[in-house]
Structure formats: structure tokens, C-alpha cells
Amino acid sequence: VLEQHYPHRERLVCAGIGDGTEVQKAYPGVRFTRIEPHQPLPFSDAQFDICYSNAVVEHVGSRERQRVFIAERCRVARRVFVVAPNRFFPIEHHTGLPLVHYLPLPTFRALLRRSPFAHWAEEANLNPLDAADFKSLFPSGKSPEIRHAGLGVSIFKSNLVAIV
């Protein structure tokens, strides 16, 4: 979203696990930094004014790995915006299946393992979040405002947005 609409692309730094060629081709002027999964970000404390992450935290693994992911974003930026799919949205974002993700996670994962969506059964690939889970990932002293955004109504909107 930022790469598409921000008028000063030369001030943006995108970070990812790829080589960045697609980002740099699609958004000339944007700088790209390669990062290693589950490693500290290669940036100094408070190096950035804003860090924005969209639909990534649910893919980094366990709750502890999610906490580290969030903590690193809070470390490198003065303001943090993190977006994640809302587990309470009636359609599961990755499979398109209705309501199955409302089941306890072990049951949800067991059902997915027996389906064409087995990839999403693994915690390392998908660890869904509701608002309380999401809020609990932030370090002490970083109290996020959690908003519901996107499609749907009230707590059943499609996305959760954390603002610190």
C-alpha cells in the first residue's frame, strides 16, 4: 500500500526475505533490504519514523516468534502499524473456508491436515490471531490500540490493525 501511494518512494525501505527485484521493478526509488527469517532486523534502534507490516505476523510461527517479530518492529521504529487477518472474520483468509477457523486451533489444524489446505495446518505457516492474542504480542510499555478494519462489522471485520 505505501509503495503504491506514498509520493516520496526514495524515503521508503522495504524489507523481505526475497532479493527485492520485484519490489524495485514495480516501485522505482524504493530501497530494499534483505532480512533473514527469525533474526533481528538489520536496522538500528528507532532508525525509522514508521514501520508498517501487513499480513505477515500470522506467518512467522509460534506466539513467541510472533512476539519477537512485533518487538523488532517496535525496536526499529517510533510508530508501528501492524495489520493481521482477524480470526473472528467468518471466512478464513488463506483457505476461503467459512467458520472452520473458529474451532480450537488443534481441531482446526487437524481438519486442515486432511484437506487440500494442509500447508496452512502448520503453525509455522499460519498462526491465526484474534484481537486479544494480537494485543498480547506487544512488548510491555508498548500498549497498542487495536482496531477492527476492512470488510464486515464490529469484531467480525476482516482485519486487525495495531497502532503503537
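The structure is a predicted model, and the values below are computed from its atoms. In its largest nonpolar core there are 22 residues, the search for disulfides comes back with zero, and the count of cavities of 30 Å³ or more comes to one.

**Nonpolar cores**

- In soluble globular proteins, nonpolar side chains tend to be buried together.
- The largest nonpolar core here has 22 residues, and the members that touch the most others are V57, I70, V82, F134 and F138.
- At least two residues of this core come from each of the strands β3 (48–54), β4 (77–85) and β6 (159–163), and at least two likewise come from the helix α3 (63–76).
- Another core, made of seven residues, lies apart from the largest one, and its members include L105, W120, A121 and L126.
- When neighbours within four places in sequence are left aside, V82 is in contact with V57, I70, F134 and F138, and also with S53, L160, V161 and A162.

**F81 in strand β4**

- F81 belongs to strand β4, and with a relative accessible area of 25% this residue is partly exposed.
- Not counting residues up to four places away in sequence, F81 touches I50, C51, Y52 and S53, together with A162 and I163.
- Although F81 and N54 are 27 residues apart in sequence, their C-alpha atoms are 8.3 Å apart in space.

- N86 counts as buried because its relative accessibility is 2%, which is under the 20% limit.
- The side chain of N86 reaches the backbone oxygen of K157 at a distance of 2.8 Å.
- Beyond its neighbours within four places in sequence, N86 has contacts that include H93, L129, D130 and H148, as well as I155, F156, K157 and S158.
- E92 also counts as buried, at 6% relative accessibility, and its side chain reaches the backbone nitrogen of T95 at 2.7 Å.
- Residues up to four places away in sequence aside, E92 touches L97, H101, F108 and L126.
- From E92 to L112 there are 20 residues in sequence and 12 Å in space, taken from C-alpha to C-alpha.

**The cavity**

- Rolling a probe the size of a water molecule over the atoms shows where empty space is left.
- The count comes to one cavity of 30 Å³ or more, and the largest cavity has a volume of about 70 Å³.
- Both N86 and E92 are among the residues that line the largest cavity, and the lining also includes E58, P85, R87, I91, H93, H94 and H101.
- L126, P128 and L129 also belong to the lining of the largest cavity, and L126 is one of the residues in the core of seven.

How values were computed: Residues numbered from 1 in each chain as written. Predicted model: local features only at pLDDT ≥ 70, side-chain atom pairs only at ≥ 80, totals over all residues. Heavy atoms only, no water. Core = buried A, V, L, I, M, F, W, Y, C linked by side-chain atoms within 4.5 Å. Buried < 20%, exposed > 50% of the residue type's maximum accessible area, 1.4 Å probe, protein only. Helix = DSSP H or I, 4+ residues; strand = E, 2+ residues; numbered from the N terminus. Contact = heavy atoms within 4.5 Å. Polar contact = N/O pair within 3.5 Å; in protein donor to acceptor, adjacent residues only side chain to side chain. Disulfide = S-S within 2.5 Å. 1 Å grid on protein atoms, 1.4 Å probe; cavity = no way out; pocket = protein on both sides within 12 Å on 5 of 7 lines; lining within 4 Å. Points joined across faces, edges and corners; volume = space filled by probe spheres on them.
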